[in-house]
Amino acid sequence: MSAIDGLPPLREVIASHDLSAKKSLGQNFLLDLNLTAKIARQAGDLSGMDVLEIGPGPGGLTRGLLAEGARKVLAIEKDTRCLPALAEIAGAYPDRLEVISGDALQIDPLAHLTPPIAICANLPYNVGTELLVRWLTPEDWPPFWQTLTLMFQREVAERIVAQPGSKAYGRLAVLAQWRTEARIVLSLPPGAFTPPPKVSSAVMHLRALPEPRFPAERAALERVVAAAFNQRRKMLRAALKGLAPDIEDRLEAAGIAPTERAEQVSLEQFCALARALA
Ligand code: SAM
């Protein structure tokens, strides 16, 4: 694809801009443009969509998204060393790449984007879960984005799609499955990255449902799930006793045995409990 976009291969970009990877910024770069185009394709048809990318780094995925036809890419990058390399990409795709220099946790991207919007990123591991939870828990639903196509450590991806009864099942599974359809779409070994991380990775695709699967007030559901999984080995009547003095009655009203543990409770039951506590 370097021939398609006329830009140099990513190894040359890294060398010419002296972009040695910084561990503190979660930098594990994707340098294979065939792979970044493949990841971009997991987001679906991007023509006519604005794409928010967090952490473009030297721009491998950014180039994939642009080559796959995104109407516009808004890329937020904390490491200012990457800006000259990203400016070169912007030059090759006039008016289609906007780069914001800063911390994605502090920047509201909405003013820079026009719907429909997709989010696609090889996320920095240190902020990936926090961003995902923010995108899943706005007050209003549907959210500003239609799809999330995100790279995570394999273990985090498995927590997002986990079902009741498994060790991986917890807050992330409940929050993600309540409002989205979530799938693991690609698995990547450490060697796909430079430098290779210690663990395997996976690309997830999450599609926002038009409305949550079961009715519940968001804040109540978040409270119940946090309390239940903070003490996941305890019976729910003990783990949740701080939420209501008559918690056993509320659990029973939601069809949950007070002696059950969080790991066994389905999404539908958590939503019923959030309603019983609201
Ligand atoms: N997208 C590139 C790729 O696939 O090769 C780089 C991915 S690397 C895993 C994560 C990127 O996120 C790095 O470029 C890093 O500098 C950037 N980053 C880390 N923390 C960030 C933050 N809080 N806000 C924005 N970017 C951040």
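For sorting residues by class, Ala, Val, Leu, Ile, Met, Phe, Trp, Tyr, Cys and Pro count as nonpolar, Asp, Glu, Lys and Arg as charged, and the others, Gly among them, as polar. The structure is a predicted model, in which local features need pLDDT of at least 70 and side-chain atom pairs count only at pLDDT 80 or more, while totals for chains, interfaces and linings use all residues. Residues are numbered from 1 along each chain as its sequence is written, and side-chain values use heavy atoms, with hydrogens and water left out.

A cavity is a set of points, on a 1 Å grid over the protein atoms alone, where a 1.4 Å probe fits but cannot get out; a pocket is an open set with protein on both sides within 12 Å along at least five of seven lines, and lining residues have an atom within 4 Å of a point. Grid points are joined across faces, edges and corners, and a volume is the space filled by probe spheres set on the points. One cavity of 30 Å³ or more turns up in the whole structure. The largest cavity holds about 40 Å³, and its lining comprises six nonpolar, no polar and two charged residues. Among the lining residues are Leu7, Arg63 and Glu88.

Next comes the largest pocket, with a volume of about 450 Å³. Its lining has 30 residues, of which Leu25, Gly55, Glu77, Asn122 and Pro124 are closest to the centre. Helix H6 (125-136) gives the largest share of this lining, three residues; helices (H or I, at least four residues) and strands (E, at least two) are DSSP runs, numbered from the N terminus.

The ligand takes up the space of the largest pocket, where sitting in a pocket requires more than half of a molecule's atoms to lie within 2 Å of its grid points. Around the ligand are 20 residues, each with a heavy atom within 4 Å of it. By class, this shell has eight nonpolar, seven polar and five charged residues.

Taken alone, the ligand exposes 590 Å², and the protein buries 99% of that, with accessible areas from the Shrake-Rupley method and a 1.4 Å probe.
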